Amino acid sequence: MTTHNPIDTARETLKQLTLRKLLPTPDNFERVYSEIMGVPAEARTNKLADLLLRAYESLPAEEASSKIAIAKLRRAIDDEKWELVPQLTLELAELNGRKRQLAQSWGSLIQDLMKAWEIRNPALSQNYKQSALERVLLSFGNAPDELNEKLHNLVKSWLQPASVQAGQPEADAAAAAAGSVPEPSPAAVADEADGDDRCQVWKDVFDYTLKFGIEPRLVHYPELSQHFSDTRSALGSIHSSHDVDNFFPQLRSFLIRLELQSQDDERLVTGLSNLMQLMLQNVAELNQSDSYLLGQISGLQQILAQPNISIQHIYQLEASLKEVIHKQGTLKHSLDEATSSLRALLDTFLDKLSLMSNSTGDFQQRLHSHSESIRGTRDVNQLNDILQSLLSDTASMQTNLSESHGELLAARNEVHSAQQRISELEHALEAASAKIKEDQLTGAYNRRGLEEHFEREISRAKRSGQPLSVALIDVDNFKQLNDRYGHLTGDDVLKYLVELMHRSLRSSDIVARFGGEEFVVLLPDTGINEAVELVQRLQRELTKNFFLANQDRLVVTFSAGVALWHLGECDSDVIERADSAMYRAKLAGKNRTLSAETP
């Protein structure tokens with residue numbers, strides 16, 4: 001029955017489905033409806049089913065089960081049994097999924113990869129292997145199944161005989177390693193273009209590093225400049241993996257030469273340091289009486305003895321030495337003038353003594369002459385003349401002696417004044433030399449001054465048997481104070497603390513900056529209990545007043561540990577025990593003093 005009325009056609013379609021005992025599915029309804037409407041059979045084909053069939057037919061079907069499943073799908077489509085198409089499509093999907101199993105187990109694949117990596121093959125350099133592996137990981141790192149297959153192909157290509165690899169063009173070898181076909185797709189061309197852009201970016205970064213990171217360090221090494229220029233030129237001429245393979249040996253050669261030059265410089269610095277130490281030692285031995293020179297030498301030796309000399313150490317010592325040398329130069333000039341004056345006075349004194357000696361000799365000769373004349377005459381008039389001459393010579397001698405006595409007294413007073421001036425200048429010179437033992441910021445002793453005083457106090461404690469206590473003081477929350485108010489405020493806090501310690505402690509106590517915000521206080525003739533009370537009293541004095549920082553009123557506190565020196569201990573042992581006690585004081589809440597002698 002043929003009709004063009006859709007409603008009548010639909011009624012007839014339902015009637016035919018009932019007569020044919022077909023289920024009223026959309027496919028059956030469409031097929032019967034098309035028959036009634038007279039639509040050709042080819043126009044009634046299922047487009048999705050045809051697309052699925054062509055997709056599965058394009059896949060390699062090596063197994064018989066896959067071929068049978070494809071034939072069933074084709075027959076169902078030909079017979080227009082659309083209800084069978086979904087199930088057959090799922091079966092084909094499962095069969096193809098089974099075929100997509102791993103090309104090789106991961107454990108075995110990694111073992112083969114390590115084996116192939118270690119094999120030395122002239123046709124495949126290590127740089128080429130690394131580049132190929134990076135490309136595979138970058139492209140398929142997010143697809144484990146494909147990554148397994150590509151790595152499997154890559155390992156197979158690396159394990160090929162050398163003769164096969166030698167005859168294989170590099171582009172084909174890379175394609176085989178990646179498991180791809182030689183002819184690139186548009187997407188592959190785009191990826192390759194992106195890869196070229198990334199390569200150029202890395203070349204620019206590498207060249208920037210060479211130019212501004214290494215070239216400035218070659219100013220004093222002209223023999224390396226040409227090699228460096230050749231290396232940069234080789235970097236700019238890289239356009240393929242073959243160029244990369246040629247570039248890396250040249251870069252490695254340059255870096256080896258640079259490393260050798262650095263080792264030579266290190267040996268040179270070490271040698272110069274040893275020569276400086278030897279020279280300073282010899283100068284010190286030749287000038288044992290020159291205390292200020294020995295102080296400067298000791299400071300230099302202390303810097304040179306450090307394992308890692310930083311430029312800050314050099315600058316700090318240079319500034320200290322400049323100040324000391326300036327003061328010493330002024331004082332030494334005055335000392336030289338005073339010494340010259342004393343030398344001139346001594347010369348005058350000796351001249352006067354010589355003149356007195358000559359005058360006395362002449363007077364004695366005249367007395368001897370007068371004595372001979374008296375013995376040889378009997379005339380009273382001659383005796384009277386001899387007496388007048390003797391009186392005249394005696395008066396002259398008395399006048400000379402009186403004048404010389406006054407001159408000698410004046411010379412002696414001048415010599416005494418010169419000696420006193422020299423003594424004052426020597427004391428001032430020693431005080432200037434002692435500046436090198438002081439901390440430039442706080443005025444407390446530095447580490448070198450602490451070592452000298454510690455050694456002296458230990459020796460005195462050994463002789464006298466009196467106790468010697470050591471306190472290690474650390475300012476609380478100093479880092480937070482620096483971060484909030486700045487380092488200048490932190491410096492002011494340290495100076496404020498040292499001034500307070502100098503005012504509150506005894507004149508015999510030694511205050512030294514141990515480092516940063518830490519201070520060591522030597523307490524001679526002081527037992528452990530008395531030392532703890534003394535430091536606690538210092539803590540109370542510190543908290544009585546506020547410290548102004550940017551108009552903020554701060555309470556500065558410190559934690560301290562106190563240790564008693566025991567016979568046989570060195571200074572570092574006592575300081576270490578005091579430091580442990582100070583650390584316990586920090587953990588206990590800060591702003592307190594604990595004894596290292598108490599468990």
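This is a predicted model: local features need pLDDT of at least 70, side-chain atom pairs count only at pLDDT 80 or more; totals for chains, interfaces and linings use all residues.
Residues are numbered from 1 along each chain as its sequence is written, and side-chain values use heavy atoms, leaving out hydrogens and water.

So what is Asp492 doing here? Asp492 forms a salt bridge with Lys495, with the closest N and O atoms 3.6 Å apart. The term salt bridge stands for a side-chain nitrogen of Lys or Arg within 4 Å of a carboxyl oxygen of Asp or Glu. The general idea is that side chains of opposite charge can pair when their charged atoms come close. Both Asp492 and Lys495 sit in helix α19, residues 487–504, three residues apart, about one turn of the helix. Helices here are DSSP runs (H or I, at least four residues), strands are runs of E with at least two, and both are numbered from the N terminus. In general, an α-helix has 3.6 residues a turn, so residues three or four places apart point the same way. Lys495 is partly exposed too, with a relative accessible area of 30%.

Salt bridges can also share partners: Arg456, Glu457, Arg460 and Asp525 are joined into one network that way. One link is between Asp525 and Arg460, whose closest N and O atoms are 3.7 Å apart. Asp525 lies in the loop between β3 (518–524) and α20 (528–544), while Arg460 lies in helix α17, so this pair ties together parts that are 65 residues apart in sequence. Asp525 is partly exposed at 38% relative accessible area, and Arg460 is partly exposed at 31%.

How many salt bridges does a search of the whole structure find? The search finds 16. Another of these connects the side chains of Glu35 and Arg20, at 3.0 Å from N to O. Glu35 is in helix α2 (residues 26–37) and Arg20 is in the loop between α1 (6–19) and α2, so the pair ties together parts 15 residues apart in sequence.

Helix α17 has 18 residues, 447–464, which at 1.5 Å a residue should span 26 Å; the end C-alpha atoms are 25 Å apart, which agrees. The expected span is 1.5 Å times one less than the number of residues. Which residues of α17 are buried? Among them are Leu450, Phe454, Ile458 and Ala461. At the start of the helix, a side-chain oxygen of Asn446 comes to within 3.2 Å of the backbone nitrogen of Arg448. After α17 comes Gly465, with a positive phi near 75°.

In the loop between α16 (380–434) and α17 we find Thr442. Thr442 counts as buried, at 11% relative accessibility. Its side chain makes a polar contact, at 2.7 Å, with the side chain of Asp439. A polar contact is a pair of N or O atoms within 3.5 Å; within protein, one must be able to donate a hydrogen and the other to accept it, and residues adjacent in sequence count only if both atoms are side-chain atoms.

Now for the rings. The structure holds two aromatic pairs. Phe29 and Tyr33 are stacked, 6.0 Å centre to centre with 20° between the planes. For a pair, rings of Phe, Tyr and Trp (its six-membered ring) need centres within 6.5 Å; planes under 30 degrees apart count as stacked, over 60 as edge-to-face, and the rest as tilted. Phe29 and Tyr33 are four residues apart in helix α2, so about one helical turn separates them. The rings of Tyr496 and Phe547 have centres 5.5 Å apart and planes at 50°, so that pair is tilted. This pair links distant parts of the chain, with Tyr496 in helix α19 and Phe547 in strand β4 (residues 547–549), 51 residues apart. Buried or exposed? Tyr496 and Phe547 are both buried.

Definitions and conventions
Buried means under 20% relative accessible area, exposed over 50%, partly exposed in between (1.4 Å probe, protein chains only).
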